[in-house]
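Okay, thanks everyone, let's get going.

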Amino acid sequence: PKTDIVFLKVHKSASSTVMNILFRFGETHNLTFAFPVGGGNQLFYPRHFLAKFVQGFSPSRPRRFNILCHHMRFLQPEVQKVVSSSAVYFSILRNPVQLMESSFMYYKGASAFSRAHSLEEFLSHPYLYYNPANGDSHYAKNLMTFDFGFNPNGEVTAKRVQLMLEAIEASFDLLLISEYFDESMVLLKEMLCWDLDSVVSFPLNIRDSSTKSLLSDTTVEKIKNWNRLDWEIYTHFNRTFWERIDRDIGRERMQREVKALRERQAELARTCLQGMGSVAPKDIKDSSLRPLQHGNAKILGYNLKQGLDKETERMCRRLVTPELQYSSALYKKQFGQKHP
């Protein structure tokens with residue numbers, strides 16, 4: 001199994017669920033994580049990543065960490081200072097239309113969104129609300145482009161798009177697609193040489209459907225145009241994703257693998273969860289399993305079954321622990337109680 005991993009955690013793209021998979025694997029195999037200085041859950045985002053943002057890094061005695069997976073704005077030469085040269089790089093993408101709808105709800109407090117009553121209103125005159133000079137403007141335009149380290153306000157030319165795609169391809173071994181999450185997990189498992197249980201998960205940091213809005217065709221087109229760079233990244237890597245499946249796995253075997261993954265997930269849900277699925281924040285009984293609530297989104301969580309034996313309880317708890325709680329537990333484990 002591969003143990004040196006860089007995951008670029010792109011915002012609002014099922015990346016918290018992927019992070020949980022990496023946290024569990026790292027904890028099980030006693031791997032080290034590149035944590036932000038002082039704990040925290042972001043590597044001084046939205047600044048470009050620097051090695052000095054990592055707790056325990058020192059230029060004079062560079063230390064390599066196994067897993068880098070907290071939110072960052074990608075800058076490979078700096079990333080290379082904190083991980084092994086053989087590290088596997090991967091990220092996850094989401095359709096920019098759903099991504100924008102999700103960001104509008106989740107980052108409602110951001111300067112570009114706070115005064116717009118609806119996403120439609122924002123899109124009809126974006127520059128009334130959007131000012132690229134604002135420190136949080138990246139949440140409102142080409143968010144994936146920004147997270148990958150590029151300029152979200154760059155003009156869209158064929159040349160620029162091509163250079164951006166080539167740069168991403170040169171840096172990353174695999175780009176997952178959140179709309180095909182199970183297929184993505186099968187590809188990830190293959191690439192990392194992990195077993196099935198290592199990539200099984202329950203969806204984390206997802207919102208209640210009552211806060212999701214249906215978009216008209218006009219709105220969809222406006223979102224694509226407004227996020228043109230993101231759209232180019234997404235459509236390109238969605239295509240190469242399926243090409244890779246056809247080349248490395250084949251559709252038939254992929255179907256079998258996905259079926260096995262879903263069956264195992266259902267089995268774990270029956271073992272671990274009260275009532276099989278996610279519940280509203282107010283219904284989560286164990287406060288340590290309550291996810292952070294953000295913006296206008298309602299973030300769901302889980303209740304564990306009572307009376308599980310110790311070993312099962314521990315496994316189940318890892319699967320449903322929200323990222324902030326899990327991250328801080330692993331930070332304490334890695335650095336002891338002494339804070340920097």
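This is a predicted model: local features need pLDDT of at least 70, side-chain atom pairs count only at pLDDT 80 or more; totals for chains, interfaces and linings use all residues.

Residues are numbered from 1 along each chain as its sequence is written, and side-chain values use heavy atoms, with hydrogens and water left out.

So, the sheet. When I say helix or strand, I mean DSSP runs numbered from the N terminus: H or I over at least four residues for helices, E over at least two for strands. Two strands pair if DSSP finds at least two bridges between them. With that, we have an open sheet of 4 strands, in the order β2-β1-β3-β4, with parallel pairing. The edges are β2 (67-68) and β4 (174-177), each pairing on one side only.

Let's look at β1, residues 5-8. On one side, β1 pairs with β3 (residues 88-93), parallel, over 4 bridges, and F7 has F90 as its bridge partner there. β1 also pairs with β2, again parallel, over 2 bridges, and here I5 stands opposite I67.

Are the residues of β1 buried or exposed? I5 and F7 on one side, V6 and L8 on the other, are all buried, so both faces of the strand are covered; buried means under 20% relative accessible area, exposed over 50%, and partly exposed in between, with a 1.4 Å probe and protein chains only.

Now the helices on that sheet. Contact here is heavy atoms within 4.5 Å, and the axes are lines fitted to C-alpha atoms, for helices over the stretch in contact, with angles from 0 to 180 degrees between N-to-C directions. Helix α1 (residues 15-28) lies across β1, β2 and β3, at about 160° to β1. Helix α8 (residues 181-192) lies across β1, β3 and β4, and runs at about 155° to β4.

On to the pockets. The search uses a 1 Å grid over the protein atoms alone: a cavity is a set of points where a 1.4 Å probe fits but cannot get out, a pocket is an open set with protein on both sides within 12 Å along at least five of seven lines, and lining residues have an atom within 4 Å of a point. Grid points are joined across faces, edges and corners, and a volume is the space filled by probe spheres set on the points.

The largest pocket has a volume of about 910 Å³. Its lining takes in 45 residues, with K12, A14, L204, N205 and I206 nearest the centre. α1, α3 (96-106), α8 and α14 (323-335) each put in at least two residues, and α3 gives the most, 4. By class, that lining is 20 nonpolar, 17 polar and 8 charged. For the classes, Ala, Val, Leu, Ile, Met, Phe, Trp, Tyr, Cys and Pro are nonpolar, Asp, Glu, Lys and Arg are charged, and the others, Gly among them, are polar.

The second largest pocket holds about 300 Å³. Of its 16 lining residues, R24, T28, D197, M315 and R318 are closest to the centre. α13 (310-320) supplies the largest share of that lining, 5 residues.

N142 brings me to the backbone. N142 has a positive phi of about 45°, and it's not a glycine. N142 sits in the loop between α5 (126-129) and α6 (143-147), and is buried, at 2% relative accessible area.

F44 is another non-glycine with a positive phi, about 55°. F44 is partly exposed, at 36%, and lies in the loop between α1 and β2. P46 is in the loop between α1 and β2 too, and the peptide bond from Y45 to P46 is cis, with omega near 10°.

That's my tour, happy to take questions.
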